[in-house]
Amino acid sequence: MKKNKILYRIFIITVFIFLNAGVIYGISQVIAYLNTGADSSKMLHLDVARTDYYLPDVTWVSINNPGRPMEAANQQKIEQDYLDAWYVKNLALENNNIDGIYDHYTETARKKVNALIEYNAAQKISIQSTTLSHHITLNFYSTDGTVAVLTDRQVTGVEKIYKDHVFLTQREFNDDYRIILLLEDGFWRVRHFEKLAAHQNTSIAQIAPVGIEKMQGLNYYPEKHPWDTFNDSIKKETLKADFEIIKDLKLNTIRIFIGYEDLGKAAIDNLKLKRLKTLLDQAQKADLKVMITLFDFYGDYDMNNWTLTNRHLKSIVNSLKDHPAVLCWDIKNEPDLDFENRGKDRVLSWLSQTIKAVKQLDSLHPVTIGWSTHKAALHLKEDVDFISYHYYQDLEDLSKAHNSLKKTTLKPIVLQEIGLPSYDGFWTFNGNDKEDQALFYKQFLETQKRDSINYLLWTLYDFDTIPQDVAGSLPWRRNKQAYFGIMDSTGIKPAYNVIKNRSSRLP
Amino acid sequence: MIKRNLHVPIFIVTVLIALLFSCSTATQKEEEKRITTYNCSIKAPVDQVVTNAGIVVHFTSFVRDIVEQLEFIISGTYGTTVLPIQLDNEQFKINIPKEITQHAGRINWQLIAGGKTIQKGDFKLFSNTNALKTVENYLGPRSIIANNRDYTMLVSIPVDSLDNLLPDGTNVSMRHQFKGVIQQEIHRVTAGFTWHKINSPLITGRLITGSTLNNISSTELVADVFPDIARPFKIYEDSNHNYADGNEIISIKTDQIKDPNGNVMSDGTIVTFFMTDNFNQRWTTTASTVNGYAFAKALHPEKPSTWTVRGVITGMVESPEIEIKFQSILKEITIQPQESNTIIVGPLTSYLGQVVPDGIQVSLKLNDKEIILKTKKGIVSHTYDSKTILPGTYELKVASLGVTALKAIDLK
């Protein structure tokens, strides 16, 4: 009885304390909320840091004009405000909502934009659009710096037209515009807009893939840092040693992955880019070609971000395209897995425009997409230069799958990922051990030789840690992912020798 | 093995059937498309002038069943829209709304069915040069300086009644008026605008601008012409007398300050007067100009001194220095015979023998201990307290208005 009494007391006191703490916390939150509010310093927009949200490729063709010399700071301000005018108009046409139009169009021009948006809203029409490149000529800049006349030529972009939320068509454009901007309230606002001309879209030539035939290689991640190839702690020596092993296997190609966020999104992380170049240098020394998979872990595909992915792409492709170790560009790893969440249409539009963007930057290296299955590999087969697919199904059906794909196209085909985990642990009923893996590769190499399949294995090493982004948090998936290697921390697995001693090995 | 052998023919047969089937459906579809392509077409709109009545597009041929699948996509300067196909008197038509047809520029259109383009084209809308609205003028800078270097710029953007830019080569008459003189120049529109540089006149005043095109005109815009940098000026002193009486006010004034072209400085131009006296004390006073003149005031010193004064318009120009001398008003200090411990100084008299103004400072110095007193009716008095000062004979030093007197006093 006495014990109970003490327990009750403890319980009541604890509840009392927590209740009070809760009440005090609540009151403090209310007070804190009431104390927040508009800061008068924010009125001037001085503290608003500009983030990357719309970065089409802008080229200033000329700033020579009879009015007044253009100052760098004003040029930048005009460019930003002009692009923002496009951006807010794109958003307004997409959402049929006129937010932001006020800031970037003068009163008269605003009426024109708003009228079209009202019309579209009434007809339930939604236009998703983005511009991708601008070529601006400054025709005139007035002496007092308040009137600017621009001609923006070859404004390229894409728009998708929806009616009643149903996708109607996608249209690419390449137009010339004349723009008169006025400086009002500190914003360069559009006063006049006039489409001067519409050009045919330039078609992009296919690139004959060189070095894709007879591709034998593997997907590469460093042993200690899978999915983190450009980690600070990976030294040149590690890469050198790994590449020597790959060379010893008589393979000629590696596939590496560049994370979109890892490399800094639109603003490229130069340190990581330097490490990427170091990797290419080492591959070059080991006489290995590198297939670069771009946009790893990117999953948005929204048209409003296309200019950002293009900016990322431009920095990477321009700094690597002249490197002799680069073999080809793989736009994205297994994008078909995002069809369900992001919409097939949205993913394919992004891929298609990104292929065009790569080809504009680099007319030498072929482009592919690493589809997760041979069935998915039929998507955009006209756009890519060679077709890539991954195969993790029954090995016996590989030949059939490969040949069915081969029938649909004359383009080269690469089996970009194949492998078997040697994992027989708690989470599997009847898993595969290292011998099974060796047998798997033996059988695979027979099929490969018979059907002349270009292939990249998954992968060189077993990994200790698998990032959650890769295989989720479920232990049976994570563990499986960790044992795909043909080498582990103790040394080589039997599969290693199977691969090394294959009859189809390169000289 | 037997199983596998069976697999192959079954597979082949299936594939063949599938192929046949797909081929037949494909040809059907293609035929359908062809029908659509051949049987639905519109009369492509031609280049024309902008209108706020919309443009009607008629079909040259159509198949009633297919019309419902058609979408007409049109893209003008401000964006894209999709137009419905309307039925009117058994005729199908497309009405391009004013939201598109009001704005000059290139228009692209596309007739699609089921995601496939059936017909496409483009046409141009020209601005309506027969119905003009206004000439929008922009003038800047709005204040200029009357010299040979400065200028203002007039930008004219004429627009038609639907607010479209006019074609290149349109002549705009740009005018400006200054002091009754009107000047006119004809400028041609290029890229939608035209501009004119107006050189600054050499006289101050208001410059009024305006543009016209046929019967339409702009609003009036005005630029002010301000005087150029001032020429060096002179300063003068002006006072009732030059005695250091600590009471009279002296005026320091400039002559009329002008720029090199003879324009009087704008009212409110600030002139700073820097003053130094012979005791090396410095001070300033400022005055703003009215009609080019600036006046500053200062109180006469209490003791004879010499001032050096200089007038400066910051960042522009300064005057030569002038010197002002002040004489003492007091010849001597009279100290009245001592009664007990009270000392009475005065009456102090000025240059006419009159009593000095009230409030003149008088210093009594005894044992290095100074007391400052102010005169009332020319007299100051002070009683030394024997509690703080020991009795005895002391030497008292009396000073006022630059004159000093010594007197031995007995304190009890």
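Tutor: Let's start with Ile85(B), whose bridge partner in strand 7 of chain B is Ile94(B). This is a predicted model, in which local features need pLDDT of at least 70 and side-chain atom pairs count only at pLDDT 80 or more, while totals for chains, interfaces and linings use all residues. Residues are numbered from 1 along each chain as its sequence is written, and chains are lettered from A and ligands numbered from 1 in the order in which they are written.

Strand 7 (residues 91-96) of chain B pairs with strand 6 of chain B in the antiparallel sense, over four bridges. Pairing here requires at least two DSSP bridges between two strands; strands (E, at least two residues) and helices (H or I, at least four) are DSSP runs numbered from the N terminus. The two strands belong to an open, antiparallel sheet of four strands in chain B, in the order 1-3-7-6. Strand 1 (41-42) and strand 6 (85-88) of chain B are at the edges with a single partner strand each, so one side of each has no neighbour in the sheet.

Now for the chain around that sheet. Chain B has three helices and 32 strands. Its radius of gyration, taken over C-alpha atoms, is 48 Å, well over the 22 Å from the globule rule for 412 residues, so chain B is more spread out than a compact globule; that rule is 2.2 Å times the number of residues to the power 0.38. Along the principal axes, the C-alpha trace of chain B spans about 150 × 80 × 40 Å. Of the 412 residues in chain B, 31% are buried, where buried means 20 or more other C-beta atoms within 10 Å of a residue's own, exposed means 12 or fewer, and partly exposed lies in between, with C-beta atoms placed from the backbone.

Next comes the partner chain. The contact between the chains takes 31 residues from chain B and 36 from chain A, two residues being in contact if their C-beta atoms, placed from the backbone, lie within 7 Å. Among the elements of chain A that each supply at least two residues to this side are helix 2 (72-95) and helix 4 (107-122). That side of chain A divides into 17 nonpolar, 11 polar and eight charged residues; Ala, Val, Leu, Ile, Met, Phe, Trp, Tyr, Cys and Pro count as nonpolar, Asp, Glu, Lys and Arg as charged, and the others, Gly among them, as polar.

Chain A itself has 14 helices and 15 strands, and 41% of its 507 residues are buried. It is divided into domain 1 (57-198) and domain 2 (216-500), with bounds from an automatic or database domain assignment. The centres of these two domains of chain A, taken over C-alpha atoms, are 40 Å apart. Eight residues of domain 1 of chain A touch nine residues of domain 2 of chain A. Strand 2 of chain A gives the most to that side of domain 1, with three residues.

One last stop is Ile499(A), in helix 14 (residues 494-500) of chain A. Ile499(A) is buried because 22 other C-beta atoms lie within 10 Å. Beyond its neighbours within four places in sequence, Ile499(A) is in contact with Leu249(A), Tyr441(A) and Ile486(A).
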